[in-house]
Amino acid sequence: MTAALNIRNRDARRLWLWTNGLSETPTGPVDVMAMIRALGFVQIDTIRNVTRAHHHILWSRNQNYREKMLWPLLSGRQLFEHFTHDASLIPMETLPVWQRQFRRLGARVAASEWYQSGLGQEEINNIRKRIEREGALSTHAFETKTSSREMWARPPHKKALDQMWYAGDLATCYRKNFVKFYNLGERVFPGLLRECPGEVEGRNMLCNQALDKLSVGSCGEVQRFWEAMDAKEAKRWMENSQTVPVRVEGFDGEWRECLAVPDIESRLRDAPSPTIRLRILNPFDPAIRDRMRLERLFGFAYRNEMFVPKAKRQWGYYVYPLLEGDRFVGRCEIKADRAQGWLRVTGFWPEARVKWGSNRLAKFEAELRRFARLAGISDVGWDVAQPA
């Protein structure tokens with residue numbers, strides 16, 4: 001493949017931040033669906049450090065966003081919940097092409113020892129019949145118990161519900177206090193949108209959509225975007241795709257051959273320089289989810305250490321990258337108590353060769369106060385020394 005266009009590193013970073021909705025000052029009217037459509041999906045996560053990841057991701061793109069704005073879109077069927085690289089909320093119009101993911105994950109889960117419930121088929125059918133008869137039910141409506149004391153052990157009914165959920169036989173009807181309520185897929189998914197393209201067409205549509213959300217990327221990055229196909233399938237798409245070959249300069253000066261959307265030149269012209277605002281990004285933010293891409297474009301090595309034993313962590317439990325303009329200038333650990341109304345910086349690590357003077361510190365503290373307001377907190381402080 002002969003590249004027709006060279007993209008310098010600074011331009012690649014500018015394009016990536018714009019593609020991710022992180023270029024403009026995050027203010028103005030809030031259109032949650034427009035933000036999620038632009039991203040492709042938003043990951044959801046159970047951990048609430050200051051706010052849960054999905055709320056933080058959306059707030060980073062418009063700081064007028066509030067937590068109450070998201071879940072009505074799920075119960076109102078504008079979004080559906082399923083598994084990309086992790087549990088995610090996906091625009092409902094993606095549902096037709098997502099049928100292949102129901103089949104793919106349904107088959108994988110059925111063959112996985114982790115998801116074997118130990119229940120007989122009649123017992124599994126009875127779980128489904130209860131939902132058919134009674135309507136949406138959460139896992140708390142069932143009483144089977146796990147016989148294991150291991151941390152990750154789950155009761156048999158939960159495994160059975162997950163099997164049916166991955167296959168699309170059940171769907172998330174709504175969430176209440178983040179608890180998932182299951183209903184029949186046929187009741188949640190609009191009938192017209194259950195009509196699906198063939199396997200190859202569906203694969204191609206997902207790859208094209210992934211590249212559109214990336215603007216520029218390798219075949220592997222396209223494949224990892226949805227995690228809805230294997231590397232061989234993505235390569236077959238690439239061999240027959242209508243993409244533009246480009247060479248992208250990495251942060252280290254190395255050049256790499258990539259794929260780009262057909263309108264790449266106009267996107268490069270249109271992408272503005274990012275605002276100089278300092279942003280606190282969530283560990284699950286889509287702009288940093290692909291750690292290899294992140295390090296290659298920005299020279300920022302980041303690892304999520306939530307499940308790393310404390311003694312082996314380099315940074316901390318829930319560590320937020322700090323983005324200023326088009327570069328990462330540090331990372332911090334924050335803890336909050338909503339009930340008592342306080343937020344504290346409990347860890348702070350500037351990036352090498354980044355000076356933290358009074359101006360940068362002031363921008364960070366302004367962002368801390370804005371972030372605290374999202375959680376309804378007014379008392380903001382430091383439990384560690386501020387950078388000199």
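Which side chains meet in a salt bridge of 3.4 Å, N to O? The pair is K158 and D162, where a salt bridge is a side-chain nitrogen of Lys or Arg within 4 Å of a carboxyl oxygen of Asp or Glu. Being four residues apart in helix 7 (residues 156-166), K158 and D162 are separated by about one helical turn; helices are DSSP runs of H or I with at least four residues, and strands are runs of E with at least two, numbered from the N terminus. D162 is buried, with a relative accessible area of 8% (buried means under 20%, exposed over 50%, partly exposed in between, with a 1.4 Å probe and protein chains only).

The model is predicted, with local features needing pLDDT of at least 70 and side-chain atom pairs counting only at pLDDT 80 or more, while totals for chains, interfaces and linings use all residues. Residues are numbered from 1 along each chain as its sequence is written, and side-chain values use heavy atoms, leaving out hydrogens and water.

In total, the structure holds 31 salt bridges. One of them joins E221 and R256 at 3.8 Å, N to O. This pair links distant parts of the chain, with E221 in helix 10 (residues 219-226) and R256 in strand 10 (residues 255-260), 35 residues apart. E221 is buried, at a relative accessible area of 2%, whereas R256 is partly exposed, at 35%.

Another salt bridge pairs E324 with R360, their closest N and O atoms lying 2.6 Å apart. Both E324 and R360 are buried. A network of salt bridges also links R100, R103, E199 and E233.
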